[in-house]
Amino acid sequence: MIIARNLLERWIAPIVFAVAVSSLNPAQAAEISVTNASPFQGETIELTATPGESEAPPSTVTFNKQTYKLFPKSDASEGKQLVSLIAIPADIKPGKYQVLVGDSKIDLAVKAAKFPIQYLTLPKSKDNFLMSPGEEEGIAAAKATVSNKRMWTGVFTVPSKYATSSKFGMKRVVNGKLLDDYFHSGLDFRAPAGTPIVSCAPGKVVLVGLKWRLHGNCVAVDHGQGVISIYIHMTSVGVKVGQEVEAGQKLGTVGSTGRASGPHLHWSLYVNNVATNPQPWIAVPNSKAWLAKSSAAE
Ligand SMILES: [Zn+2]
């Protein structure tokens, strides 16, 4: 019996050792990096994964209990590197998080963005979040679109030439009441009714909503790899679902349709279904790696 146990141990020990070595062997695991390991709430970062030599390329990234797709970088000099955009939710608790790619992980330290509070008055008839039939589903489907080809390069085009009013992330007090579990999911432009709204980047129109109670007349454009822009409260819409648009191409005009206190453009950007702060996307050229580089995947 003693001999048998020794034999068993001799068999088990090398097996356990081999497993430990394979998960610790750097050639086996993907090497990962992010553009900013200390992002603010509401910020988007880009993750790059270089698969290990003998490893099957990873296909997804996991962060904050969500799984996002990895896309190949198209630039030949980048080899077989994979990329994914990760939007840090505006309402995530600041602190330490891990991003996982297969057996590899990287730590993030999310910083508090300190979003201000905004006070608004709305007519009683509009002081609710009721939606029209099909509205919630239409918006949800548009936000969840993930297509493979990254259609933009460089900084995004500002969708209205007028000054911004409400910033992204603001908490709101409407008619004297603080809205729980609410933050302003986009950037507002104080633009007069009838002025043009243009697409912030090349893409494909995935949604046209008309006369919706909350969003009014609205358009959503898919820019690829999980990036979607949404334009709401429009007076008129001049594009159709399925239509391809260029950066700067007119989508329609500013209005106050839906839940709006007056004419303005509300512009949201979603990354993998998470609302992100649009400001860095239209800011200083070359300020972010994913904006500066062309990495359109076929
Ligand atoms: Zn808004």
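How many bridges join strand β3 (residues 60-63) and β4, and in which sense do the two pair? Keep that in mind while we get oriented.

You are looking at a predicted model, where local features need pLDDT of at least 70, side-chain atom pairs count only at pLDDT 80 or more, and totals for chains, interfaces and linings use all residues. Residues are numbered from 1 along each chain as its sequence is written.

Start with the whole chain: it has three helices and 21 strands (DSSP runs numbered from the N terminus, helices being H or I with at least four residues, strands E with at least two).

Now select residues 60-63. This is β3, which pairs with β4 in the antiparallel sense over four bridges (strands pair if DSSP finds at least two bridges between them). Click on Thr62 and find its bridge partner in β4, Thr67.

Next, go to residues 82-87, strand β6. Six of its six residues are buried, so the rest of the structure largely encloses this strand (buried means that 20 or more other C-beta atoms, placed from the backbone, lie within 10 Å of the residue's own).

Strand β2 (residues 44-50) pairs with β6 in the antiparallel sense over six bridges, and Thr44 stands opposite Ala87. Strand β5 (residues 71-72) is also antiparallel to β6, over two bridges, with Phe71 opposite Val83.

Note on methods: Buried ≥ 20, exposed ≤ 12 C-beta atoms within 10 Å, placed from the backbone.
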